[in-house]
Amino acid sequence: MALARRIPVAFEAVFPHGAFLVGEVEAVADFDAPRSADGARPQAVDKDTGLRVWSVPVLDADPEAGKRDKTVSVKVLAPVQPVPPVNDTPFPFTPVAFAGMTATPYMDENGPRARLAWSFRATDLVAPGAGSAGKGGAS
């Protein structure tokens, strides 16, 4: 049996109670690449797609999410910096959904004992209900 390294998942399967942006979209630094002349690190590029990698901190609205799982980073693969949806709520956190989500399992060895954890990637961030978030997709 051959499983893809990145498993396509629906947004609703990962965040059944919704998700909220709790920070800015930021470029992910490539720690394997040499620094530029000014000492800065270049932006990471996804090896499979050739797209730039951006990271966004997300609050999982699941009331039963554990302390270590309440806030996660979702990496978005895009040629230019993704623009978050407009926040039409009176709250400081922006409701968000992700299109083209994938999940990659890994062993998190931080803490008293190792545990299975997930790395999430997406191809876009959209307003909830925008229609394209529910479709899992390879990235």
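I began at Glu12, which I found in helix 1, residues 11-14; helices here are DSSP runs of H or I with at least four residues, strands are runs of E with at least two, and both are numbered from the N terminus. I noted that this is a predicted model, in which local features need pLDDT of at least 70 and side-chain atom pairs count only at pLDDT 80 or more, while totals for chains, interfaces and linings use all residues. I also noted that residues are numbered from 1 along each chain as its sequence is written, and that side-chain values use heavy atoms, with hydrogens and water left out.

**Entry on Glu12.** I looked up how accessible Glu12 is and found it partly exposed, at 43% relative accessibility; buried means under 20% relative accessible area, exposed means over 50%, and partly exposed lies in between, with a 1.4 Å probe and protein chains only. I then looked across to Ala97, which is 85 residues from Glu12 along the chain, and found their C-alpha atoms separated by 8.6 Å.

**Entry on the whole chain.** I counted one helix and nine strands in the protein, and reading along the sequence I wrote down the pattern β-α-β-β-β-β-β-β-β-β. The radius of gyration is 16 Å, close to the 14 Å that the globule rule gives for 139 residues, so the protein is as compact as a globular protein of that length; the radius is taken over C-alpha atoms, and the rule is 2.2 Å times the number of residues to the power 0.38. Along the principal axes, I found that the C-alpha trace spans about 45 × 35 × 35 Å.

I noted that 35% of the 139 residues count as buried. The accessible surface comes to about 8500 Å², and 56% of that belongs to carbon and sulfur atoms; such areas come from the Shrake-Rupley method with a 1.4 Å probe, and for residues only the protein chains shown count as cover. Among contacts between residues at least 6 apart in sequence, 64% join residues at least 24 apart, where contact means heavy atoms within 4.5 Å.

**Entry on the loop between strand 3 and strand 4.** I placed Pro42 in the loop between strand 3 (26-27) and strand 4 (52-60), and I found Arg41 in the loop between these strands as well. Pro42 counts as partly exposed at 32% relative accessibility, and Arg41 is partly exposed with a relative accessible area of 30%. Leaving aside neighbours within four places in sequence, I listed Val28, Ala29, Asp30, Ala33 and Pro34 as the contacts of Pro42. For Arg41, not counting residues up to four places away, I listed Ala29, Asp30, Phe31, Ala33 and Arg35.

I also looked up two distances from this stretch, C-alpha to C-alpha. Pro42 and Phe31 are eleven residues apart in sequence and 8.2 Å apart in space, whereas Arg41 and Ala117 are 76 residues apart in sequence and 27 Å apart in space.

Leaving aside neighbours within four places in sequence, Asp46 is in contact with Arg6, Leu51, Val53, Leu77 and Arg121.

**Entry on strand 7.** I found Asp108 in strand 7, residues 102-108, and Met107 in strand 7 too. Asp108 is buried, with a relative accessible area of 9%, whereas Met107 counts as partly exposed at 48% relative accessibility. Not counting residues up to four places away in sequence, Asp108 touches Arg68, Arg113, Ala114, Arg115 and Ala117, while Met107 touches Ala114, Arg115 and Leu116.

Which backbone nitrogen lies 3.0 Å from a polar atom of the side chain of Asp108? I found that this nitrogen belongs to Asn110. For Met107 I looked up the way to Val74, 33 residues apart along the chain, and found the two C-alpha atoms separated by 17 Å.

Conventions
A polar contact is a pair of N or O atoms within 3.5 Å; within protein, one must be able to donate a hydrogen and the other to accept it, and residues adjacent in sequence count only if both atoms are side-chain atoms.
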